[in-house]
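I opened this structure to take notes on it for the first time. My entries follow the order in which I looked things up.

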Amino acid sequence: MQVRFLLRAHTSHGGHGVAVSTRVCGALSAGSIPVGHPHCKKPLIGAFCFLYYNYLPSNIKKNMAITFKEEHSVGVKEIDDQHKQFIAILNELADAIDNNKTKETLAHIFDELGSYAEFHFATEEKYFDMFSYDGAEEHKAKHQELKEKIADLKSKMADNQVSLSFELIDFMEDWLIDHLANMDQKYVQCFKEHGLS
Ligand SMILES: [Fe+2]
Ligand SMILES: [Fe+2]
């Protein structure tokens, strides 16, 4: 018998020194020590995860939602506000998945996430073009990847909730750690030099 589990916990991650809330998931198989993340293969504390997912009260889990931190700021209010809104939608989606909301609800939140991603990426790219930002091409390609991931996640809604949770964890980590805390920080100097604040 195999029991799947999901963990959300605050962690420091990826060598960027950025504390984010992340989720860890995996599976416990009878007679074996757990486990590896099925997609990103991050280390786990399997038995603890199992206990966490099954016994931790939901109000505590709720408090582990991802949050915008000062070190995420790019020094431009318009963009910081958009990043906060992006995080709010991701949390809303994670919460809907955790609480087994209907496919209609999930579809609605995915649509919101997709539209907001389009809007936010277009804002950043407008400034890239305006300021002839050196890293524009690479950054736009990353935006495209994230847009494709959102579309892919939405198309996987037909799968079961746990599987969708795994995919969402990867997306959140890609966006929070690789993009917000790393990629977006690269344009800070350029935007500042052009007087954007
Ligand atoms: Fe970006
Ligand atoms: Fe961004």
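Entry 1. I began with a loop. I remind myself that this is a predicted model. Ser132 lies in the loop that joins H4 to helix H5 (136–155). I looked up its backbone and found a positive phi of about 45 degrees, although Ser132 is not a glycine. The residue sits just after H4. Is Ser132 buried or exposed? I counted 9 other C-beta atoms within 10 Å, so Ser132 is exposed.

Entry 2. Asn100 is in the loop between helix H3 (77–98) and helix H4 (103–130). Its phi is positive too, near 50 degrees, and Asn100 is not a glycine. I checked its surroundings. Asn100 has 9 C-beta neighbours inside 10 Å and therefore counts as exposed.

**Entry 3. The whole chain.** I stepped back for an overview. I note seven helices and two strands in the chain. What order do they come in along the sequence? I read the pattern as β-β-α-α-α-α-α-α-α. The chain has 197 residues, and buried ones make up 20% of them. I also looked at contacts between residues at least 6 apart in sequence. Of these, 61% join residues at least 24 apart.

**Entry 4. The length of H4.** H4 has 28 residues, which at 1.5 Å a residue should span 40 Å. I find its end C-alpha atoms 40 Å apart, so the two values agree.

**Entry 5. H4 against H5.** Now the packing. Two packed helices are described by the angle between their axes and the distance between the axes. For H4 and H5 the angle is about 175 degrees, and the axes are 10 Å apart. The cut-off for roughly antiparallel is over 145 degrees. H4 and H5 are therefore roughly antiparallel to each other. Which residues make the contact? On the H4 side I list Phe110, Leu113, Gly114, Ala117, Phe121, Glu125 and Phe128. The H5 side includes Ala136, His139, His143, Leu146, Ile150 and Lys154. I sorted the residues of this contact by class and got ten nonpolar, three polar and four charged.

**Entry 6. H3 against H4.** H3 and H4 pack at an angle of about 160 degrees, and their axes are 10 Å apart. That makes H3 roughly antiparallel to H4. Their crossing is left-handed. From H3, the residues that meet H4 include Glu78, Ile79, Phe86, Ile89 and Leu93. From H4, those that meet H3 include Leu106, Ile109, Leu113, Tyr116 and Thr123. By class, I have nine nonpolar, five polar and four charged residues in the contact of H3 with H4. I note that Leu113 is listed in the contact with H5 and also in the contact with H3.

Entry 7. Glu78 has its place in helix H3. I asked how many residues lie along the chain from Glu78 to Thr123. They are 45 residues apart, yet their C-alpha atoms are separated by 9.0 Å. Is Glu78 buried or exposed? I found 12 other C-beta atoms within 10 Å, so Glu78 is exposed.

Notes:
Residues are numbered from 1 along each chain as its sequence is written. Chains are lettered from A and ligands numbered from 1 in the order in which they are written. This is a predicted model: local features need pLDDT of at least 70, side-chain atom pairs count only at pLDDT 80 or more; totals for chains, interfaces and linings use all residues. Helices (H or I, at least four residues) and strands (E, at least two) are DSSP runs, numbered from the N terminus. Axes are lines fitted to C-alpha atoms, for helices over the stretch in contact, and angles run from 0 to 180 degrees between N-to-C directions. Angles under 35 degrees count as roughly parallel, over 145 as roughly antiparallel, 65 to 115 as roughly perpendicular and the rest as oblique. Two residues are in contact if their C-beta atoms, placed from the backbone, lie within 7 Å. Ala, Val, Leu, Ile, Met, Phe, Trp, Tyr, Cys and Pro count as nonpolar, Asp, Glu, Lys and Arg as charged, and the others, Gly among them, as polar. The expected span of a helix is 1.5 Å times one less than its number of residues. A crossing is left-handed if the near helix is turned anticlockwise from the far one by less than a right angle, and right-handed if clockwise.
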